[in-house]
Amino acid sequence: LESPDREHLKIPLKMNDDKHRYPYSIVWTPLPLISWIIPFIGHVGICHSNGIIRDFQGPYVIGEDDMAFGWPTMVWKLDPNLATKMPWDEAVHEACEVYKERVHILCWDNCHNHVGYALNLMRYKGSANYSMFKIFFLMMIHGKYLSFTAFLKSWLPFLLWTSIVIFIIFVVYV
């Protein structure tokens, strides 16, 4: 994989929602059932400079341009100029090569760890301590929903089931 030209990095590439292209970004999508109960828990991937999404989908599987649980609903755009050790695409590629040799362990070595590994390789913002928890919190702080529909896809199941539970409690106990 060729390293991108540093001058090219100064020209921000635009996101394209229709083609699901999010250059230099981390993307998030809800997990069926889990996100319906805890709506801020989800699946993440990291995008190449051309916007193609790569995600750790399961044991020995790295997805390309087809996220495991559907297209992203939230995106966190990053600045490739803040990759201080390794160029962006090279770090994403290397992280994918490492993770396609790993077993996916839901709570210990998962998609968040894969994204953190790529950021650690590139020393994003000079840091090498991007963990599963740090990726989670930073995505929740900096991530932006792609549309109102994306927001609904993420939150509507949770709102519906909690409304039903509240309704049942109200009917039974009041």
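These legends accompany close-up views of a predicted model.

**View 1. Helices H3 and H4 cross at roughly 135°.** H3 spans residues 88-99, and H4 spans residues 111-122. Their axes come within 8 Å. The two helices are therefore oblique to each other. The crossing of H3 past H4 is right-handed. From H3, the contact draws on Trp 88, Ala 91, Val 92, Glu 94, Ala 95, Cys 96, Val 98 and Tyr 99. From H4, Asn 113, His 114, Tyr 117, Ala 118, Leu 119, Leu 121 and Met 122 take part. Sorted by class, this contact holds twelve nonpolar, two polar and one charged residues.

**View 2. Helices H4 and H5 pack at about 90°.** Here the axes lie 8 Å apart. The angle makes H4 roughly perpendicular to H5. On the H4 side, the meeting residues are His 112, Asn 113, Val 115, Gly 116 and Leu 119. On the H5 side, they are Met 132, Ile 135 and Phe 136. This contact has five nonpolar and three polar residues, with no charged ones.

**View 3. Helix H5 (residues 132-142) has buried residues that pack against other elements.** The buried residues are Met 132, Ile 135, Phe 136, Leu 138 and Met 139. In an α-helix, residues three or four places apart point the same way, because there are 3.6 residues a turn. The partners of the buried H5 residues are strand S1 (25-30), strand S5 (74-77) and H4.

**View 4. Phe 56 and Tyr 99 form an edge-to-face ring pair.** The model has twelve aromatic pairs. In this one, the ring centres are 5.0 Å apart and the planes stand at 75°, so the pair counts as edge-to-face. Phe 56 sits in strand S3 (residues 53-58), and Tyr 99 sits in helix H3. The pair thus joins distant parts of the chain, 43 residues apart. Are these two residues buried or exposed? Both Phe 56 and Tyr 99 are buried.

**View 5. Ring pairs build an aromatic cluster.** Its members are Tyr 145, Phe 148, Phe 151, Trp 155, Phe 158 and Trp 161. Tyr 145 and Phe 151 pair edge-to-face, at 5.2 Å centre to centre and 90° between the planes. Tyr 145 is partly exposed, at 30% relative accessible area. Phe 151 is partly exposed too, at 31%.

**View 6. Leu 33 and Arg 123 have positive phi values.** Most residues other than glycine have a negative phi. Leu 33 is not a glycine, yet its phi is about 70°. Leu 33 lies in the loop between S1 and helix H2 (34-37). With a relative accessible area of 53%, Leu 33 is exposed. For Arg 123, also a residue other than glycine, phi is near 55°. Arg 123 is placed in the loop between H4 and H5. Arg 123 is partly exposed, with a relative accessible area of 28%.

**View 7. Cys 107 lies in the loop between H3 and H4.** How exposed is Cys 107? Its relative accessibility is 46%, so Cys 107 counts as partly exposed. Tyr 24 is 83 residues away from Cys 107 in sequence. In space, the two are 26 Å apart, C-alpha to C-alpha.

Conventions
Residues are numbered from 1 along each chain as its sequence is written. This is a predicted model: local features need pLDDT of at least 70, side-chain atom pairs count only at pLDDT 80 or more; totals for chains, interfaces and linings use all residues. Side-chain values use heavy atoms; hydrogens and water are left out. Axes are lines fitted to C-alpha atoms, for helices over the stretch in contact, and angles run from 0 to 180 degrees between N-to-C directions. Helices (H or I, at least four residues) and strands (E, at least two) are DSSP runs, numbered from the N terminus. Angles under 35 degrees count as roughly parallel, over 145 as roughly antiparallel, 65 to 115 as roughly perpendicular and the rest as oblique. A crossing is left-handed if the near helix is turned anticlockwise from the far one by less than a right angle, and right-handed if clockwise. Contact means heavy atoms within 4.5 Å. Ala, Val, Leu, Ile, Met, Phe, Trp, Tyr, Cys and Pro count as nonpolar, Asp, Glu, Lys and Arg as charged, and the others, Gly among them, as polar. Rings of Phe, Tyr and Trp (its six-membered ring) pair if their centres lie within 6.5 Å; planes under 30 degrees apart count as stacked, over 60 as edge-to-face and the rest as tilted. Buried means under 20% relative accessible area, exposed over 50%, partly exposed in between (1.4 Å probe, protein chains only).
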